[in-house]
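Welcome, and thank you for taking a look at this structure. Please have the sequence and the 3D view open as you read.

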Amino acid sequence: MARKILEVNQMTAGFLVNTDIVKATDRISFDLEKGQTLCIVGESGSGKSVTSLAVMRLIDYAGGMILEGDIKFNGEVLSTKSQEEMRKIRGNRIAMIFQDPMSSLNPVFMVGEQIAESLRLHQNKSDKEAMKAAVDLLRQVGIPSPEVRARQYPHELSGGMCQRVVIAIALACQPELLIADEPTTALDVTVQAQILDLLQQLKKNNDMSIIMITHDMGVAAEMADRIVVMYAGGIMEEGSVHEIFAKPSHPYTVGLLKSIPGFEDSHGEELYTIKGNIPRINELPTGCRFHPRCTHAMDICRKQEPGFFQLGQDHKAACWLYEEHGGDSIVSPAGAAIAHGEVRV
Ligand SMILES: Nc1ncnc2c1ncn2[C@@H]1O[C@H](COP(=O)(O)OP(=O)(O)OP(=O)(O)O)[C@@H](O)[C@H]1O
């Protein structure tokens, strides 16, 4: 059986706003197997970034906290570690890259120096060794003339090259897990494709696992082994990339797919949009959190939160439309049994 590198179990994360706790994820559970790429998709505000910040425990620095549940990395519980312990894990075993490469790089240091700094810090390399390794890493991420580029400042490089540098910094310590939060959103379409190819190639060569956060189903189609669809802090559907694209089942997932230009029957028609807006988690409607925007909403959807209905061996959706798909494996999106079912935690 494939080894689980990451297990997120019933995790609720939130922020203290004035005197109120505002939740951003609501008892979410998912796993990542070693060597796989899991894409977390959903509209803006669905809790994707907060999920990744919680895994890294960077949420503590953004004024947030993990309120319940736990996160395990290679079986080790991260959610209760001190920041001192987390610092050793971040950068060494788990690395993260963000949307805007310019905000991740320091404008006053040469890019080679910034990669070398990471190597000195985490791998105790000497200045000379670190600089040599930095040039090698620039070569590995496809930067031409890496010896020359290493001595340039971020503003002398294009956006795509800067993102390659950020990836090189992330790779410097050969992380087992890379979390990429919208890593191509700020880049031109052609550069986007190159960066995605690079990530695929690095994943294969370095035996890395990846969590990729994206609002772009096209990116997910290209990158994912598995897909988690999030809406308003909860997981709506989860499955292999094949199942999600061949048999999208939650009306929210279907809506996201129909919103892709050129997908299915959208040719020549006005681009589909899911009507309405995503609610704040503190103001969720009763029943299914998606029901006010759902074109299939039934009475029960307005009254009771659906559990997960198993649609295939490895495919589930939190939607009452699938009630007939086996009451025995019904679990709530949070993982707690809501019927006579097994609880998957
Ligand atoms: N520092 C913060 N303080 C208070 N609320 C926050 C903070 N950061 C995020 N949130 C809230 O958490 C919820 C989830 O945000 P998150 O950024 O995870 O969404 P997302 O799906 O990643 O969206 P996007 O694609 O726009 O980044 C949102 O309602 C957001 O307003």
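What follows is a short tour of some helices, their packing and a few loop residues.

This is a predicted model, in which local features need pLDDT of at least 70 and side-chain atom pairs count only at pLDDT 80 or more, while totals for chains, interfaces and linings use all residues. Residues are numbered from 1 along each chain as its sequence is written. Helices (H or I, at least four residues) and strands (E, at least two) are DSSP runs, numbered from the N terminus.

**Helix α7**

- Helix α7 covers residues 159-171, and its 13 residues reach 18 Å from the first C-alpha to the last, close to the 18 Å expected at 1.5 Å a residue. The expected span is 1.5 Å times one less than the number of residues.
- Twelve of the 13 residues of α7 are buried, so this helix is largely enclosed by the rest of the structure. A residue is buried if 20 or more other C-beta atoms lie within 10 Å of its own, exposed if 12 or fewer, and partly exposed in between, with C-beta atoms placed from the backbone.
- Among the buried residues of α7 are Met 161, Cys 162, Val 166 and Ala 170.
- The cover over the buried residues of α7 includes β6 (94-97), α3 (101-104), α4, α5, β7 (177-181) and α8.

**Helix α4**

- Helix α4 (residues 111-123) has 13 residues, which should span 18 Å at 1.5 Å a residue, and the 18 Å between its end C-alpha atoms agrees.
- Buried residues in α4 are Val 111, Gly 112, Gln 114, Ile 115, Ala 116, Ser 118 and Leu 119.
- These buried residues pack against α5 (127-140), α6 (146-149) and α7.
- After α4 comes Asn 124, with a positive phi near 50 degrees.

**How the helices pack**

- Two packed helices are described by the angle between their axes and the distance between the axes. Axes here are lines fitted to C-alpha atoms, for helices over the stretch in contact, and angles run from 0 to 180 degrees between N-to-C directions.
- Angles under 35 degrees count as roughly parallel, over 145 as roughly antiparallel, 65 to 115 as roughly perpendicular and the rest as oblique.
- A crossing is left-handed if the near helix is turned anticlockwise from the far one by less than a right angle, and right-handed if clockwise.
- Residues are in contact if their C-beta atoms, placed from the backbone, lie within 7 Å. By class, Ala, Val, Leu, Ile, Met, Phe, Trp, Tyr, Cys and Pro count as nonpolar, Asp, Glu, Lys and Arg as charged, and the others, Gly among them, as polar.

*α7 with α8*

- The axes of α7 and α8 (residues 189-206) come within 10 Å and cross at roughly 20 degrees, and the two helices are therefore roughly parallel to each other.
- The crossing of α7 past α8 is right-handed.
- Gly 159, Gly 160, Gln 163, Arg 164, Ile 167 and Leu 171 of α7 meet Val 191, Gln 194, Ile 195, Leu 198, Leu 202 and Asn 206 of α8. The contact holds six nonpolar, five polar and one charged residues.

*α4 with α7*

- The axes of α4 and α7 come within 8 Å and cross at roughly 20 degrees, so these helices are roughly parallel to each other.
- From α4, Val 111, Gln 114, Ile 115 and Ser 118 meet Val 165, Ala 168 and Ile 169 of α7. Here the classes are five nonpolar, two polar and no charged.

*α4 with α5*

- α4 and α5 pack at an angle of about 120 degrees, with axes 8 Å apart, and are therefore oblique to each other.
- On the α4 side, the contact is made by Gly 112, Ile 115, Ala 116, Leu 119 and Arg 120, and the α5 residues include Ala 130, Met 131 and Leu 138. Ten nonpolar, one polar and one charged residues make up this contact.

**Residues in loops**

- Asn 18 sits in the loop between β1 (4-17) and β2 (20-33). Its phi is positive, about 55 degrees, although Asn 18 is not a glycine, and it is exposed, with 5 other C-beta atoms within 10 Å.
- Arg 57 lies in the loop between α1 and β4 (64-73). Its phi is also positive, near 60 degrees, but Arg 57 counts as buried, with 23 C-beta neighbours inside 10 Å.
- Glu 43 is found in the loop between β3 (37-41) and α1 (48-56), and with 17 C-beta neighbours inside 10 Å it counts as partly exposed.
- Glu 43 and Thr 214 are 171 residues apart along the chain, with 8.7 Å between their C-alpha atoms. Leaving aside neighbours within four places in sequence, Glu 43 is in contact with His 215 and Ile 278.

Notes. Contact = placed C-beta atoms within 7 Å.
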